[in-house]
Amino acid sequence: MEAIVYEEFGGPGVLRHTTGVAVPEPGPGEVRVKVAAVGVNPVDWKRRYGWVEEFYPTTFPAVPGLEFAGTVHGLGEGVTGLAVGDEVLGWTKTGAYAEYAVAGIVAPKPAGLSWEAAASLPVAGETAQRVLDLIGVRAGETLFLHGAAGVVGSVGVQLAVAAGITVVGSASEANHAYLRGLGAIPVTYGEGLADRVRAAAPDGVDAVFDAAGHGVLPVAIELLGGEGAARKERIATIADVEAEKYGIAFSGVVGDPDAVRAGLTAHARQAAEGTLAVRLADTLPLKEAARAQELSESGHVRGKLVLIP
């Protein structure tokens, strides 16, 4: 089958397009899917560099990619509620940058949801919901979301606003209108960020979700009371690897499979209904995976990159 593989850690050049990879076989409780679209995520190139082995250990040769949308092509032993030909989205166990992939967590793809939109949901939706749950933010509270215009950040904004949470979101000036459209109060990155957040939320913030990194954790601690008084359990990051140094949770592990499946089903339904959206930046053919990862790593892409096998 067609796939992208790499056999060592390194830059984009280690990615190789091939048609010689064996079609994977589903095990008990798994399904094989014919992939229609693949979501590109920062974790893909971080894994390629070998930076996240603690969370995603690599066995070479490796096929990148966590999330996909596609059609059920084969059923493993004990699988119920699914049939060959069903359209699904989910998380792969064998790598999504491929013509076929094996998955353990899938949800039905609503008929009105495009392949590209469906493939953009699993990672962003699960990550955003996991962090919101971790920091315990709830209706009536105020959340500061750093990196609010990114893919995970923007989904976090939408989920929080829908739950009755006031969101102050940091982004570049060019993305402020976009954030207002999602229901957030935008503030600009950079020096003086804490003061701008306080001005936007004069009664203070109750929790902080760091989706961008770039050294914002000291600001988060300041906003929640300062070192020695901060409620650090209400701060979490998915982007700052120095979180432990500050006594703050780094959230990088996918949660309980049943909860992930239920969340994915709900997010797909919301996306089909138009109440949850991921901004699409561009689609590229699978053979241009290295280019897609370069674009993702540049940090200048506004929205989701999707590969099409």
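Guide: A residue is called buried when its relative accessible area is under 20%, exposed when over 50%, and partly exposed in between (1.4 Å probe, protein chains only). This is a predicted model, in which local features need pLDDT of at least 70 and side-chain atom pairs count only at pLDDT 80 or more, while totals for chains, interfaces and linings use all residues. Residues are numbered from 1 along each chain as its sequence is written, and side-chain values use heavy atoms, with hydrogens and water left out.

Visitor: How many salt bridges does a search of the whole structure find?

Guide: Side chains of opposite charge can pair when their charged atoms come close. A salt bridge here is a side-chain nitrogen of Lys or Arg within 4 Å of a carboxyl oxygen of Asp or Glu. The search finds 14 of them.

Visitor: Is glutamate 141 buried or exposed?

Guide: Glutamate 141 is buried, at 10% relative accessibility. Its salt-bridge partner is arginine 138, with the closest N and O atoms 3.5 Å apart. Arginine 138 is exposed, at 51%. Arg138 and Glu141 also belong to a network of salt bridges with Arg234.

Visitor: Which parts of the chain does the pair of glutamate 67 and lysine 304 link?

Guide: These two side chains form a salt bridge of 2.6 Å, N to O. Glutamate 67 lies in strand 4 (residues 67-75) and lysine 304 in strand 14 (residues 304-308), 237 residues apart. Strands are DSSP runs of E, at least two residues, numbered from the N terminus. Glutamate 67 is buried at 0% relative accessibility, and lysine 304 is buried at 1%.

Conventions. Helices (H or I, at least four residues) and strands (E, at least two) are DSSP runs, numbered from the N terminus.
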